[in-house]
Amino acid sequence: MFQQAITNFNINYDVYNESRTFFSGDRVTGNISFELKKEIKISTIGMEFRGMAHVHWSSSSGGKKRRSRHYSAKLDYFRIKSSILQDCGAADGGLRLQRGTHVYPFTLQIPQGDFPSTFRGVHGIITYTLTVTIYRPWHLSKSFVTELMFMNRLNLNQPELWSPLSGTNSTTLCCLWCASGPITLTATTEKKVFAPGETVKIVCELGNSSSRTATPKGKLLQKQNFFMHNKVNKRLISQTMASMAGHPVSPHTSEVHTELMLTIPPSAPYSIANCSILEVQYVLEVSLGVSASPDVTVMFPIILCNTSAHNPPALSL
């Protein structure tokens, strides 16, 4: 009966930036709107604003009689309840709403705090939701949910985030009692912090004194870590977000300079390091691939965040 009485229910909120995101301490204004096909009585229209993290995964063990064990953890950051419309003691036991269109405004404020950014992963989520519930006398309640995109404000006024990263690695190939000349890789990036959609410039200094061709490669790895509260039980998911290969380096070649341009996917989630049950980390892997031999690899941990409104601090010489 409730579904027949109410249609076109919407939770609308005002946005103030192109990314439609909110930050800690922001004020959220908006309204709810719906159509009534007939007159109804309500006792309350309530709103709940909730920020929470939830992880869940399972593992199987045993032979023919396999058993599954489930792991789950939740974390509430805040849970704020308020009323949009309330029956103030009507004599007939409810507030009468007439047939037609109804619009009611609301205002709320996101609490101050170091909350992680919105995230949806393989085994866990971090969400910030608005839930509006209509309560009617002698009827089941009905809830409507929408989600806000929340972004954590990382402190970017740290010179080390904008300083170049550099690493060197080398190897020597062996065949029976013969050893080749060294294969060396030095890779450098201009900074540690990047934004989704940004192109990472990787400068490589290569040396290939072996008898085999070596190919420079770049790869962005994402690591999703999920934890129980005790930190003993955990699950790690790794995936490649982007990759590319440069021009091959011929055998017996030294002092080769090349640049790899690796574009971070615009849809890549931000790094998360401030949640006790869920982490999102990124590693930039630069390598020299040699046939029939392990790659020569240099790895850099990097951070993905919103850098659009930030000016890097001046670096001392």
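Tyrosine 71 is buried, at a relative accessible area of 11%. Buried means under 20% relative accessible area, exposed means over 50%, and partly exposed lies in between, using a 1.4 Å probe and protein chains only. Tryptophan 57 also counts as buried, at 3% relative accessibility.

This is a predicted model, where local features need pLDDT of at least 70, side-chain atom pairs count only at pLDDT 80 or more, and totals for chains, interfaces and linings use all residues. Residues are numbered from 1 along each chain as its sequence is written, and side-chain values use heavy atoms, leaving out hydrogens and water.

How are tryptophan 57 and tyrosine 71 arranged as a pair? They are stacked, 5.4 Å centre to centre, with 20° between the planes. Rings of Phe, Tyr and Trp (its six-membered ring) pair if their centres lie within 6.5 Å; planes under 30 degrees apart are stacked, over 60 edge-to-face, and the rest tilted. Tryptophan 57 belongs to strand S5 (residues 44-61) and tyrosine 71 to strand S6 (residues 67-86), so the pair ties together parts 14 residues apart in sequence. Strands (E, at least two residues) are DSSP runs, numbered from the N terminus.

The structure holds 11 aromatic pairs. One aromatic cluster is formed by Phe49, Tyr77, Phe78, Phe115, Tyr128 and Phe150.

Some rings meet charges instead. Arginine 153 lies over the face of phenylalanine 23, 3.8 Å from the ring centre. The charged end of lysine 231 sits over the ring of phenylalanine 227, 4.1 Å from its centre. The test is that NZ of Lys or CZ of Arg is within 6 Å of the ring centre and within 35 degrees of the ring normal.

Now turn to the nonpolar core. The largest one has 75 residues, and Ile32, Ile45 and Phe106 have the most contacts inside it. A nonpolar core is a set of buried Ala, Val, Leu, Ile, Met, Phe, Trp, Tyr and Cys residues joined through side-chain atoms within 4.5 Å. Strand S19 (residues 278-290) gives the largest share, 7 residues. Where does this core lie? Domain 1 (6-148) and domain 2 (159-304) both contribute residues, so the core lies between them. The domain bounds come from an automatic or database domain assignment. A second, separate core of 5 residues includes Leu156, Leu161, Val193 and Cys305.

Finally, look at threonine 258, in strand S18 (residues 253-263). Threonine 258 is buried, at 15% relative accessible area.

Note on methods. Helix = DSSP H or I, 4+ residues; strand = E, 2+ residues; numbered from the N terminus.
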